[in-house]
Amino acid sequence: MAQRARHRQHSTPVALLLILVISGLLVSVEAFTQPAAPSTSDIADATAIVTDGFTADNLHVRAEAIRLLGYSSGDPRDSFARLQALFGEFIPGEAAVGLPLFRYHALASMYALDPERTVAWLHRHNDAALDSLDRYELFRIIGFDRIPTFDNVFYADLVGSERGPNAERFRTIALAEFALIGDAPEYAELVEWAPGNGDGSPADLLWLHEYLRERGFPTTTLRYLMEDGGGVLEVRGVLHRTYTVEELLFQALLYRLGYTDTVYRRTVTTQPYGLRPSRRAVEKHGLSAGTETLIQDPQEYAVLPSLRMNAALARIFAGAPTEQDATTVWEMLDAFPKPMLYRYVTTVLRAPSTPAETELRRRLLAHDDVEIRRLIADDLSGYRFGTHHVSGTELIAAIDREPDPLVQARLLESLASTGGTVAAPMALDTLRRYMAHPDALIRLGAAAGVLRWDEPEGEVER
Amino acid sequence: MTGATTARGDRRARAARVSRMVVRMLAVVVALAGASVGAQTYSVDLSQMPSEAFRLFGDGYRVPLGPHVVHTTGLDRYRDADAMLELRMPRPQLPTVAYYRLVPQEPIGFPELSALRLVALTAVGRNERIGVGVIMTDATGATREFFMGYLDFEGPRSMHFYPPLGGADRFDPSAGLPFAQPRLDAIHFYLPENGFPLHDRSVVGVIELEVVGR
């Protein structure tokens, strides 16, 4: 009896323990089956961080807060008015201090909050807006299809005077014009934007070629147009350089779009090639002593490091890499001067998702150079190119070991795209942890992760 | 007959329009002359200031926080300026959004001013698209940025900011922008967002700050 009583005394805590364990298991199973999401208090905290950042002394922090205001949960009308006030209605001297640093962030946030109101406001200040904003940046934010809605003599004349089939052609011209006004993106990108080009209308492109030639547009652009339009290129007194990275990428893009069935490779002829790298490239990076003089032997030319690099990049950019391409790019990367390296890395970031590309991206995220890591982090967070190819766990490890606050902030922001997955609770914990960080920029990065949680765009590989 | 009358009427109307225009133009010229008579020019010779008079700060994220040394150099270094306050701004190698802030250590104020007509900064550019903004605060505590333009030229040049004459005073140039007793807070240098730097650092100079007003 006494033993039974003792047994009963023991059984009660055991049962309690069992209940606790079972309920704990249930909760954890629930956590795995139902995607975790930021709580209301998380979102309120994140919004408070963004609001604080809006008045920060450091303009860089303020710029980030302005960029994120479009995502915050505050009253959209208030947020819109605050952003609009930064521009001071385009009156000189009325704009907020530091506007040159964050005007495009502010515009993008305004557009995210209320697209139609933003465009109406820009239309109201037509001339001032077109004068004080870079047109390429402006239309990248509000859409290139809005070009004709602005009252501008050149574009109004081009686009407004034509209806029907020619409208597309004129829009293409306007796009070409815009690409060349600003710090021009490659023509390859232009092809992607231009409506109607995918329909295969060589006559239009040839016509466009003539139009642009009359206006003295650069030969490279003309050549692309001509080739794209199926015309015969006549080169007089122009060094037709094959193997430039632009040309290879353009051809790689055509492969991606389905215009050609092989990644471009021009047959090497007996023509002597003049590839003279900059003095800095030769002295500082020892590119190749042999490239200091004109190379007469086509075979010798064909094995130059930059050509191997370009060919590997072109295949990655085309979405058809070989097994060796990622290793080739990675191993050769540090031999090049930094501006070229930047170009190479951004090419990788714009490439479609392939094993080689993912592998390169992983390696680049751990690159010694902070500026390369910044590029990758910008891309992961959707700040630049907006693709996601690194797993949540990898990201969290990268965040914890990262010494640079800027990279850390961007990586935290990119955690948002892990929403609704198994990695979500871990990602949320990390975001909550970093929302209490002493550095304002890192706090903003974590807040961005919470505010942009579970955005539909982006593919996350795990 | 009717046609001749109309033609004569047209001529009269045109003559009246021309005379009205001339009168208006004269009025503007007189107003401008009056304004320039009333206006005072206050200038600060930055080139003669010691390097300790200013500190140059980066944003701490994209570019180092600083402070960086500000040198005063002479004619022998740059042929195009007798002397200037030279600013050396370390730059990231890749295109990025960043800025520097040149802050006076002692207050630089213009206590006699009540309205601004013009802010001018003579600066030395090295043909990089670096934006320059002069930040000033008035007696009421209102802070404004007077964006001067870009240093996309080689050598010294005077960059001007004219406050807009808006509202009821639109055609009265003598009014100026109400901005009493302004003081210089800082001069901002916005590094170019696109394009690669030619060197690891950008070097620019400032020579003189001029404020015109009443």
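Visitor: Which residue forms a salt bridge with A:Glu94?

Guide: Start with the general idea. Side chains of opposite charge can pair when their charged atoms come close. In this predicted model, A:Glu94 pairs with B:Arg144, and their closest N and O atoms are 3.0 Å apart. The count between chain A and chain B is 1 salt bridge.

Visitor: What area is buried between chain A and chain B?

Guide: About 2500 Å², with carbon and sulfur atoms giving 57%. In contacts, 33 residues of chain A meet 23 residues of chain B.

Visitor: Now the whole structure. How many salt bridges does a search find over all chains?

Guide: It finds 20. Take A:Arg315 and A:Asp325, whose side chains meet at 2.9 Å, N to O. A:Arg315 sits in helix α17 and A:Asp325 in helix α18, 10 residues apart.

Visitor: Is A:Asp325 buried or exposed?

Guide: Buried, because its relative accessible area is 2% and the cut-off for buried is under 20%. A:Arg315, at 27%, counts as partly exposed.

Visitor: Which residue does A:Glu413 form a salt bridge with?

Guide: A:Arg452, with the closest N and O atoms 2.5 Å apart. A:Glu413 is in helix α23, while A:Arg452 is in the segment after α25, 39 residues away. Both count as buried: A:Glu413 at 3%, A:Arg452 at 9%.

Visitor: And in chain B, where do B:Glu128 and B:Arg91 lie?

Guide: They form a salt bridge, the closest N and O atoms being 2.6 Å apart. B:Glu128 lies in the loop between β7 and β8, and B:Arg91 in the loop between β4 and β5, so the pair ties together parts 37 residues apart in sequence. B:Glu128 is buried at 13%, and B:Arg91 is buried at 10%.

Visitor: Which residues do salt bridges with shared partners join into one network?

Guide: A:Glu64, A:Arg67, A:Asp378, A:Arg410, A:Glu413 and A:Arg452.

Visitor: Last, a tryptophan. What does A:Trp121 touch?

Guide: Beyond residues up to four places away in sequence, A:Trp121 touches A:Gln84, A:Phe87, A:Glu89, A:Phe90, A:Leu107 and A:Met110. A:Trp121 is in helix α6 and is buried at 1%.

Methods:
Residues are numbered from 1 along each chain as its sequence is written. Chains are lettered from A and ligands numbered from 1 in the order in which they are written. This is a predicted model: local features need pLDDT of at least 70, side-chain atom pairs count only at pLDDT 80 or more; totals for chains, interfaces and linings use all residues. Side-chain values use heavy atoms; hydrogens and water are left out. Contact means heavy atoms within 4.5 Å. Buried area is the accessible area (1.4 Å probe) that two parts lose on being put together, summed over both. A salt bridge is a side-chain nitrogen of Lys or Arg within 4 Å of a carboxyl oxygen of Asp or Glu. Helices (H or I, at least four residues) and strands (E, at least two) are DSSP runs, numbered from the N terminus. Buried means under 20% relative accessible area, exposed over 50%, partly exposed in between (1.4 Å probe, protein chains only).
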